[in-house]
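This report is written for a reader who meets the structure for the first time. Please look at the sequence and the model below before reading on.

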Amino acid sequence: MIDLQGFGDALEAGAWLTVQLAMVSLVFGLILGLLGALAKTSSVALLRWLGEAYSTIVRGVPELLWVFLIYFGTVNLVRETGELFGIENLELNAFAAGVFALSLCFGAYATEVFRGALLSIPKGQREAGLALGLSRVRIFWQITLPQVWRIALPGLGNLFMILMKDTALVSVVGLNEIMRSTQLVAQATKQHFTLFMVAAALYLAMTVVSMIVLALLEKWVNRGYTRSAV
């Protein structure tokens, strides 16, 4: 039996904060990824350039550096904005900075996953939709996007596993997620190995749950496709 010396609540709170950080970053990252993919597959040259620049620049810089750049780089900007509106000592908190950085990085990699999914859909489907009098927006939402999710889900699932572990990077700016909570408890109890093994078990448990959910999602999105292929 592991003796946490009354610090179990701190680790539980850190685990819950990690889940929140990962899920919120996932939502914004999916939006950025889809927009980036649409830009890279657009017929407009400027949009293609912007999509390429986003995915190349963000993927070319380490995630940890993005956390530092966003957290420390926006301190003065946020403070000056607050002073402009008469709000003193306005700051970007660690959670918001973490979400910003993780969403930015997840979105850059998701851009390539979505791009591959978009390119794999036959152009004839869109042409058929136009021939039937459907608008381009309706074709995208009702024909293209459902297929994109089915094709992209395995790749997005792998990216989410990485995102879950990358939440540990936000501990460097003071957010009490699993890693920082574990470090603080380990310093107080002097049981570093035991506490870090507990942290590893928490990450593993979240990964297993995520894998189960992703497997169920893949089964659900492929249900019609599987039946039609038999």
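A residue is called buried here if its relative accessible area is under 20%, exposed if that area is over 50%, and partly exposed in between. By that cut-off Tyr71, with a relative accessible area of 18%, is buried.

## Confidence in the model

The structure is a predicted model, and its confidence should be kept in mind throughout. The mean pLDDT of the chain is 85, while 91% of its residues reach 70 or more.

## Spans listed in the record

In an unreviewed entry, UniProt lists residues 15-39, 51-72, 92-110, 148-173 and 193-217 under "transmembrane region". In the model, the span of residues 15-39 is 100% helix and 0% strand, and its end C-alpha atoms lie 36 Å apart. The span of residues 92-110 is 89% helix and 0% strand, with 26 Å between its end C-alpha atoms.

## The nonpolar cores

The largest nonpolar core has 45 residues, of which Val58, Phe106, Phe114, Val148 and Leu156 touch the most other members. At least two residues of this core come from each of helices H1 (8-40), H2 (45-59), H3, H5 (94-119), H7 (136-166) and H9 (192-221), and H5 gives the most, with 13 residues. Apart from this core lies another one of 5 residues, including Leu11, Ala186, Leu195 and Val198.

Which residues does Val58 touch, once those up to four places away in sequence are set aside? Val58 is in contact with Trp66, Leu104, Cys105 and Ala108.

As a general point, an α-helix has 3.6 residues a turn, so residues three or four places apart point the same way.

A search of the whole structure finds 4 aromatic pairs. One of them joins Tyr71 and Phe72 edge-to-face, with 5.0 Å from centre to centre and 80° between the planes; Phe72 is partly exposed, at a relative accessible area of 48%. Another edge-to-face pair is formed by Phe140 and Trp141, at 5.7 Å centre to centre and 80° between the planes. In this second pair, Phe140 is buried, with a relative accessible area of 17%, whereas Trp141 is exposed, with 55%. Phe68, Tyr71 and Phe72 together form one aromatic cluster.

Ser103 lies in helix H5 and counts as buried, at 4% relative accessibility. Leaving out residues up to four places away in sequence, Ser103 touches Val24, Ser25, Phe28, Gly29, Leu32 and Tyr54. The C-alpha atom of Ser103 is separated by 28 Å from that of Asp9, and these two residues are 94 residues apart along the chain.

Thr144 is found in helix H7. Is Thr144 buried or exposed? Its relative accessible area is 3%, and because this is under 20%, Thr144 is buried. Apart from neighbours within four places in sequence, Thr144 is in contact with Leu118, Ile121, Arg126 and Ile139.

Conventions:
Residues are numbered from 1 along each chain as its sequence is written. This is a predicted model: local features need pLDDT of at least 70, side-chain atom pairs count only at pLDDT 80 or more; totals for chains, interfaces and linings use all residues. Side-chain values use heavy atoms; hydrogens and water are left out. A nonpolar core is a set of buried Ala, Val, Leu, Ile, Met, Phe, Trp, Tyr and Cys residues joined through side-chain atoms within 4.5 Å. Buried means under 20% relative accessible area, exposed over 50%, partly exposed in between (1.4 Å probe, protein chains only). Helices (H or I, at least four residues) and strands (E, at least two) are DSSP runs, numbered from the N terminus. Contact means heavy atoms within 4.5 Å. pLDDT is the predictor's confidence in each residue, from 0 to 100. UniProt positions are given in the numbering used here, feature names are shortened, and annotations may be inferred rather than shown by experiment. Rings of Phe, Tyr and Trp (its six-membered ring) pair if their centres lie within 6.5 Å; planes under 30 degrees apart count as stacked, over 60 as edge-to-face and the rest as tilted.
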